[in-house]
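Thank you all for coming.

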Amino acid sequence: MEPVAIVGIDCRFPGAPDTGAYWDLLMRGADGVGEVPRQRWDVTEFHSQAGEEGRTNTTEGGFIADPDAFDNEFFTISPREAAAMDPQQRLLLQSAWRAVEDAGIAPRNLAGTRTGVYVGIMGNEWAHLHLTDYANVTAQVGSGNGYCMTANRISYHLDLKGPSLAVDTACSSSLVAAHLAVNALLAEECDHALVGGVNVSLTPALSIFYTQAGLSAPDGRCKPFSSEANGIGRGEGVGTVVLRRLRDALADGQRVYAVIRGTAVNQDGRSNGLTAPNRWAQQEVLGAAYHRAGVEPADVVFTEAHGTGTGLGDMMEVKALGHHHAGRSGRPMALGSVKGNLGHTEGAAGIAGLIKVALSLHHRVVPASRYAAKESKQLKLRDHGLRLLKAPLRLPTGPIVAGLSSFGMGGTNAHAVLESAPAARPEPADGAAPGGIGAAVFTLTAPNADALRRNLLAQADAVAARRVPLGPLARSSNRVKTGHRHRFATAATDTRELVAALRESADDPDLLARLSAPPAGRPRIAFLFTGQGAQHPRMTAALYAQSPLYRRFLDEADAALLPHTGRSVRDLILTGDDAVHGTRWTQPALFAVGYALGRTLTELGVRPGMLLGHSVGEFAAAVLARALPLDGAARLVAARGALMQELPAGGGMLSVRAARADLAAWLEPEPLVGVAAVNGPTATVLSGDLAALERIGAAIAAEGITTRRLQVSHAFHSPLMRPVLARFAEIADEIGGTVPELPVYSTVRGRVLDGEAMDAPYWVEHIGATVLFADAAEALLAADPTHLVELGPQPVLSGMVRRLDRPAAGAGPAHVLPVRGPESAGRDLAEALAALYRGGVEPDWDAAYPPGERIAHPLPPYAFSTRTRYWARHSVRTTGPAAGPAAPASVAHREPETTAASAAVRTLDRPGGPADPVADAVLDAVRQVGGYADAEIGPHDRLYEDLGFDSVMIMELKNRLEARLAGVAGLTVQDLLPRLSSVGDLVAFLRESGAAPPGPAHHGDSQENPAFREEERTA
Amino acid sequence: MTTPTTATSHLAAIGTALPGDPVDNATLAKVLGINEEWIEVFIGTRTRYFARDLGTGVVRWSLADLCAQAAERALAAPGTDPSEIEFIVLGTATPDTLMPATVNHVADQLGLDQVPTFQLQSGCAGAVQALGVAQAMIASGQYRTGLVIGGDVCSKHLDLGRDVSGAAPGDLVNYVLFGDGAGAAVLTDEPRGQRVALRHVLNRFTGLGRKPGQIIEWFGLADRYDDRQALTEDYKAIEESVPVMAGEILWEMLGELDWDADQLDYLLPPQLSGRMTRRITEELDVPAAQDVSCVADTGNNGNALPFLQIEKLLERMTDGERALAVAVESSKWIKAGFALEKI
C-alpha cells in the first residue's frame, strides 16, 4: 500500500485541552479521570454501588473541560443554531479547523478542494435529550443533532468538496473512519482527508448499560492488562488528524508526524454474541493489516492496544496478538493502551489511539501504559511475545513500525500499522529564488479584535516557551494564519522582540489598532520615486547588507549601469563616496536605488497600480512601467548625468514658498531663470543663472516670502540645460521607449500619460521642462490610491504630497516608507511590507525569506473563544428526559463560571436542614480559616480544590472545630484526613463521630481549649 | 592498561557523615515556632542533622568537611587504599563556594593530589549522576579506582531569624524537610571490599517543557538583596509526578536488567520525606523487596541520601542479593536510579 502521512493533529481529551497537553498527560502517566461534572447529571441520582437496575456503579469518568464552550461567531453560526447543535458537532468543527492549521495549511486554502471528511462517532445522546422534546423540535435542532451530518457540517463550514461521512461501528468508529479515509486517498478520491472522532457523555445511559452488562469499572477507570482491571470507565474526547499521500506531503515540505502503512477492517460475524469480543476475528484483522502494510509481525516494535480493561476483552486481545507475536525472537513487543489515562472514549477511542501512536513515533518515545505496573499475571503476556510498557520506551533512530487496534462492541475490528516519518528533512531546492528582506514579518488574522488579542497571546506564549527560528516561524504565520478580516502584522528581528511586540499589542489597544486593520477593499498601490536632493553617501547601504533581495536588484541595476558609468555605482554608494553629490553620480545612483527598491517590492508581491517619479525618479518609474528596458534606462540616465556634469558651473536653484503664478512678475525680466519645479501650491523651485537668481531672491525676500538656496551643482530644469539637449537626444533616439503598461503620472505633463510613449522626445523635453509634481500628484491622488509607497534614499515626496491642498475626502492614502533615512535597514522594509499587508496586499511571502528559511514550522493552532457556551437544560433524570413546557431544548449563556446555582444546592443538600448546629459550626470554622465571607461556602465545596485549603489550614481547622464542638477533641488529624473531600463530607464525618454543639458547660470548656487559644494568637 | 574496556564497576566501600546530634521535631518546632504535630502528620520526618548550630546559627561544618569525613570513612574500610584513588566525582546542589569547586577542597582535606576531579551541580540525582560518571570512567579502562561523593548542606537556607508563624505550607516545609549530610563510595574495577557490582545506572532528563518542581536560587553582589524566596518547591507537582516517575524508573531498570520484580531483594526508594517515601514505596508495590529508607531519621539531605541508603543496605545484603535504587530530582524532572548486586 502506498504510505499515507499524518500531517496535522488536534485533540482534546480528559485532562488535556490540546495536543501538547495530551502528550504531556501521556508522558506523565497522568490520570484524566475524575468525578462526573455536575453539568452532566446528578451522580447521586444514578449511582448504586451494587449496580441496581437503572443505576451505574460509578460516579467517575474521563470528562473534558469546557465541552459547552463554542466560538459560534468564528464560524458565523447564530447563537440560536449553536444552542441547538450537539456539542460533539461543535467540538469537531473547532478541532477540524485547528488540525488543518497544524498541518501548516490555511483552512481557507482548502476551501473548494475535494478534501474528504471522515468522522467516527457513536454517541447520540444529544438527540435522545432533544428530539424527544417534540414541542421544541426546530429546524436547528434537527440539523444539529447527534451524528446527523457531523462530517457534513465540517465540509460545509470549511467548504470541502470531497467525500464527507460519519461512521458508526461503535467503539472502533474513528479508526474505521481513518481506514476509509486512507482508502479514499489511495483511490485518489481526495487529496487531503480529515479524520475525526468525538465522544461526549451527556447522559449516564452508557454507564448504566456497562454496569448492567457487568462491564463497568466501579472507579470509572479502564486498567488495561492490569491485575486490577475490573471493567470500562467512560471517557470523552475529540480529535482530528489531517491525512495526505506521503509523496504529496513530502513534495510540499510538510511536517509528517507519522506514516500509515496499512489498515484493515473486518467483522466478528456470527460470533459468541453480538457484543462479545472475538479472538479469531481480531487475529485476522491484525494479519490483514500487517499484510497490507507489507511488514512481518516481528517488525512491529510496539502496539497501542484496544485494552478496555475488561477481563475477557484483554484476554482475547492478548491471544489475538499472541498468535502473531508469540514466536518472536529478541524482546517481546511493547504493549500499552491510552484507555488507562482517559477511560474508553468510545467513538473517539480510535483517534485517541491513532494520535498517541503518531505522537509516539514523532517524539520517538512511547509513553508508559497507566496501571501497567500491576500487570495481570493471568494474561501471561511474555508467553504471547508481549510486554506491557511500565516505563516510557525510547525508540532508537531509524524506521520504527507500530500497530494500533480498535475493536467495536458490535464486532467491527480495525487495525492500523504505522511507521515513523521518513528521516528526509525538507531542504530548499537548489536554485531556489534568492530572498530575504533582513527582518521577519509576523502576521496573524482573526475575525475581531478580541480574537486577535487572544491569539496574539497564544502565539507569544509558544514563541517564548522555546528557542524557535524566527524566519520559518514568521513565514508559517504568513502562510497559515490568514483569511480573517482583521490583519495583524509586525516586523521583528529576533524572537524576544517578537514576543514583546505580540504581548504589548494584546495589552495595548492603541498599539493593536496601529498594528492591525481590517482592509477596506482592494488595495491600490502607488509607487513614488524620489528625485535629486535625496541622495547621500551610503544611502540604503544597511538595507543592502541585510536584505539579499534588495542586494540582488541593486546589483542588477549596477550591472546595467556599469558599461555606461565606467565605475560601479553600487560601490560608490556603499563606500560612502561624497562624489554621489555630483550629478554625474547622483542620477545613476538614485536610479539604481529607486529601481532596486521598486523591484524588491514587486518581487514581494506588491504590485503598483500607478507610478510617479519626481524628475530623475521618472526613469525607475518608466522601467517598472515597462516603458523602458533596464539597460536602456541605465544608459539614458548615465548619459544624462554625465552630460549635465559637463555644463559649466554658475547655475543654481532657489526654493520659494510661493505659488508659481505669483512669481511670474519677477521671472519675466530674467531669461536665464526658469521654473524648475512646482512641488505644491506654495512650493516652487526656480532654476538658472546664479547672478539672476541672486537678484530675484533678494526681491522676493523683500516681500517677506521665504526662499532657500538648494545645494545643487547645476541649474536643472532651466534654460541653462539647453546645451546638452542635442547630444542627449542622439543617445535617447538609440534607446527609444514605449507607452507605459502601467499608469505613469508624468511630472513633465502634470497628469497621467494617456497612450503617450516615454520615448526620446519625451526624455529630451523632460530635461528642460518644469517638474509639475503638484499637478501629477494631484492627478494621482484623484485616482484614489490606498497606499503611497515612496521609493528613494529618504522620504521627500511623502511630505510634499501631505502639503498639497487637497479637499479633505476621508483619511487619504497611507504613506508607506520602506526607507526612512540613513540608518534604514531590513526592519523598515519589513515594516513597510507589514503595513501593506494590513492594508490588504497579498505579498508573495516566500521572497521575504532566504531559501534556507522556507521550511515548515509548526505554530499553535487558532485559539477559539470560550466566552459563549451552550448546554442542555438540566434534564437528565432517572425518569427519562423531561419535556415539560418550561424546559426549552437548550440554553445558551455567557459567563459560565456562575452556572452552579450554589445557593439552591446549599439549602437542599445541607445535612440536617438549615438548623443544623454541627454544619453551622463547620461552615463557620471553614469560613474563618479560609477567610471567606458568610455566603460563599456550601457543603459541596471541596476543601482543597475549591477552597484552597492546605495542610496548615487543616491543622487550624481541626483546632477550631475542637473549640466549637464537643466530642471532637479525641479525633486526630489522621482521622480527619480521609474525610475532607468536601465540607459536607466533613460534617457527615463529625456527626458520625458523635460531634455535638457544646452545651453551656461545654462552651466554657471550649473557650479554654489551649490549642484554640494558641491558634488565635498565631492566626 | 590490561583492563577490558567494558569493566564492571564495583562498590568496594562506603562512608557517610551526618553533622552533630539529631534534631527532633519537638526541638525544631520550638526553635521555629511551628506546630510539631503538623511536622509529624504532613512531613513524617522524625529527626535531621544540621551543619549549623540551631541555637546560635554558627556554621560548624562546611560541605567539604562533611564530604571529606564521609570519604575518609570509606577509604578507611577494608579493601580500599587512599593511594589507589585515581579520580573524584562529587554531586551536590549546595557547594560551599562556586569557586573553587568543593570537590577540590575535599581532595585537599583527604591529601589527594594530581587526580582528575569533577563536581556535578545537581539535586537529588547528583549522587547517581556521579556514580554514572564513575562507572563510565572505569568502563573506559583508563581508571581502576575512584571516589564518588554526594553531599548537601541545606541548612544554608535555614533562616533562624525569620518568623514563620504565618508562612504557607509550601514555605514552611522547607524548614522541616531538609537536613545536612554527605556520603562517599569507593568504586573499583574488580570485586573488592563490599564486593557489590554496580549493574546499571539510569540518569535521564525528562523535563522538556515542564516547569521546575524545585528551585534553589543563588545570589550575587548584584542581586543579594532581592526579595526572592531562596528555595521554592511545587509540592503539588512533586506529589503528583514523583510516584509515577519512580514507578517508571523501577520498571525501566528491571526491564533493562531483565530482572523480575520477584527477584529483587531490596528497594531503595526516593527519599523525599518520611511521609512521601512511605507513600511512594507503597505505590511501587514490590512486596518481595525490603525497603531501605533513611529520610525519616536523616531528613532530606539531598545527595547524601543514596549513600546513607547504601550504607543501611550493606548491613543486610548477602551474597547474590540484588538491590535497586530509585531517585527523582524534581527540579527539572530528572529520573535516576542504579542497580546493585552483591557477589
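Predicted model: local features only at pLDDT ≥ 70, side-chain atom pairs only at ≥ 80, totals over all residues.

Domains and contacts

For chain B, the domain assignment, whose bounds come from an automatic or database source, gives domain 1 (10-188) and domain 2 (196-342). Residues are numbered from 1 along each chain as its sequence is written, and chains are lettered from A and ligands numbered from 1 in the order in which they are written.

Taken over C-alpha atoms, the centres of domain 1 of chain B and domain 2 of chain B are 15 Å apart. Counting two residues as in contact if their C-beta atoms, placed from the backbone, lie within 7 Å, 46 residues of domain 1 of chain B meet 42 residues of domain 2 of chain B. On the domain 1 side, the elements that give two or more residues include strand E1 (10-17), helix H5 (126-139) and strand E7 (180-188) of chain B, where helices (H or I, at least four residues) and strands (E, at least two) are DSSP runs, numbered from the N terminus. The largest share of that side, seven residues, comes from H5(B).

Turning to the two chains, the contact takes 16 residues from chain A and 18 residues from chain B. On the chain A side, helix H35 (951-964) and helix H36 (973-976) of chain A are the elements that give two or more residues, and H35(A) gives the most, with three residues.
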